[in-house]
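Visitor: I would like to learn how to read a protein model, going one feature at a time.

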Amino acid sequence: AAVLQHSGHLDKEHLGAHVGRLSRREEVWTMMNSKYSEFLPSVQNREDLVAEVEGLTMDIDLLKAAIENEVQQDLNVALTEFTELKQQLERDSVVLSVLKKLQEFDTAMKEFSTALLEEKYMPAAQRLEKARSSLRNVESYGGFELRIPKALHKELTVQEQNIIYQLGKEWQKLIVWKLPHSKGSSSLEAVVLSELHLHTVPRQGGDAAVPPVAAVLQALAVVGELRYKLKDFGQLLMEYILKPLISYPSLEPVTEEQPDVFILRFRSQELALDEFSPVKVFDQIKLIFEVLHKYLLNVPLEEPGKGGKDGRVTLAELLGELIWEELSNCLIHSCLVHSVPSSSSQLEQYKEVIESTKEFEKALKEMQFLKQDKTALLKYACNVNFHFANKKCQDLIKAARKLMTSEIHDTVKITPDSSTAIPELPSPGSGDHPKTHRPSNLLDSGTVNLGSESSLSQSTLSLPTCRISSSVQQLVELAYNTMEEAKTSTKFCCLQLCNCVRDIFHVFCEVVPKYHRENLQKLPQLAAIHYNNCMYIAHHLLTLGHQFRYLSSAVLSDCGGTFVDAVPDFKKLGMECFLAQMQVQKRGVLDRLWSARNFSNMDDDENYRAANKSMKQVLHQLKGLGTVWQDVLPVHVYCKAMGTLLNTALAEVVTRITALEDISAEGADRLYSLCKIMVDEGPQVFTPLLEEDKNKKYQEEVPVFVQKWMTFKELMIILRANLQEIVDRWADGKGPLAEQFSAAEVKSLIRALFQNTERRAAALARIK
């Protein structure tokens, strides 16, 4: 029963579910029917529209076919006709424009002719420019083979030349130059005969609105001829007025105004100034431009693209553009350059020139002759320190070069007591220099203490007595004066002057050896003087920078500080020249000894005479050399040089005699006599001083200066000694003979002087 009951219950549930599904299906079906009933009318409407569209498409296709077949052909024909009409219209428009321009040209030319006949030059020039513009427009149209523009262009050229000719005549009436017959001459006489007449003075009762000069000038500007006229005028103005005023200080401009003309001429002052005065020159040139501005240049002109507002410029501006560069260069190189001070003390006075230059440029700018940015003159004048330094250095180099190329043999005597004419310098203890650079007490006293009782002499570091060229003394004085002037100059000038002093000494090293080369090689005295000159300059260069160390230490530091670095160069220059002369003299000594035939075979009288002659020639050469060097070289240099040359002769004689293999007794005596000539007369070549009694001291000190002197005297002893005396003087290598000769040389002399005996062999055995 429970199962049945449960089964019944399930059937009820299935039945209920089935009934529910059926009810939902019915609802869906009902909804679909309603939607279908709504959709069906819209479908029918769309089908109707499709049918209409298809009908319209067919109509369009029919219309398109009709257009392509009928209308397109008509359209092409119309387009072709339109193009032809357009081209015809363009040609007609061009022809019409050309005709209008030709009409304008004709009208302008007629008005031009009328104005030219009435001497209305400005309207005539404007009408001519209008005609030129019209003809230019006609020629600008392409594609036309018109013959008429060529004819019109020819007519325009003819009329243009006509007005230029008329304006040229008017220009010649306005500006008249009365020049001397010899054109191109810029002499003072020709300038005095020159005159400028300006017929530009306004006539009383005339038309003040358009003065004749303005009309002519404006017309010239319009036709493009004004610049050519002004260029010619500017050249004449420069040649006969401006340049003469700059070049001839005696000229004075004279102006004269008459009712219808203004006259400008010159007169020459009787008392002419030798120096150029820039202030006077500026005033005179300013006067010239003032009268030109008043009677000629103050005319406004129409020049588009030129000048200031509205393209208007004045005649002064145009003239300034043409001649200012040449005028400024002339003022600088012919006036201002001569006014540059030659000494630093005149620099303060140059302010007047600078102020005058400033006023001159200002006046020209006010007259519109000079543009505002043009300041060439003022820049040059304000840069006076630079120009002063350059001019001063050029003058110094020129003066120094003149001294360097002067004669060397014009000499002055220098002694330890003499001093160069140098300016007074501040003492090391004075207040003219910074205290931080105060030297040590070593420099404050006149002597340097070496101990409690000894001190150096005042002349310890002085240059020894000798002769130098007076030109070199002046050269050193020039250097000192330049350094003194540098002290009071500006820093730039001081630096330039200090460098100039260095350049002077550098030029000396380059010029003197080359300019005097031949004389220095041939003349021993000039070589000695040149040696002294170099040592004299080197002596002063050692202390030149030190003496001025407190004057401008910063500047001296910039230019090298001192001149000590040049000292070795000068010493080398002097030594090279003197040593070259010594080599020449040495060769002369050796050449003369060469004729002695090696001092061999003195038994032959001819050989003896040749040797005797050569010895005397050597002594004659040395005595002559000693004479030309006397009172020229310092004593110690003189003695050292003469000792070197005499030593060369003695050494050559000793070498040749010791080289002999056989010396006879008579030959030995003759060799002794030859050597005695050298010993007796050799000291006489030492004559460094003019006083004979003072030379004896140096003649007695010959062994000090001649290295081979004792060797030569020992040779003389050997030539007259016997074997025992020779052995005794050898003294087992400790005697005076051993100090001068080697054992081999002594043995060679013994073999040459003595025959081969047992005594000679014994003596040779002891020489070792």
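Visitor: Which residues make the nonpolar surface patch of about 440 Å²?

Guide: This is a predicted model, in which local features need pLDDT of at least 70 and side-chain atom pairs count only at pLDDT 80 or more, while totals for chains, interfaces and linings use all residues. Residues are numbered from 1 along each chain as its sequence is written, and side-chain values use heavy atoms, with hydrogens and water left out. Areas come from the Shrake-Rupley method with a 1.4 Å probe, and for residues only the protein chains shown count as cover. Here Val28, Trp29, Met31 and Met32 make the patch.

Visitor: Where is the place of Met32?

Guide: Helices are DSSP runs of H or I with at least four residues, strands are runs of E with at least two, and both are numbered from the N terminus. Met32 lies in helix H1 (residues 2–117).

Visitor: How many helices and strands are there in the chain?

Guide: The chain has 27 helices and eight strands.

Visitor: What part of the chain counts as buried?

Guide: Buried means under 20% relative accessible area, exposed over 50%, and partly exposed in between (1.4 Å probe, protein chains only). Of the 768 residues, 40% count as buried, whereas Met32 is partly exposed at 46%. In helix H17 (residues 567–594), the buried residues include Phe570, Cys577 and Leu593.

Definitions and conventions. Patch = residues over 30% accessible without salt bridge, like charges linked within 9 Å, V, L, I, M, F, W, Y side chains within 5 Å. Salt bridge = Lys/Arg side-chain N within 4 Å of Asp/Glu carboxyl O. Expected span 1.5 Å × (residues − 1).
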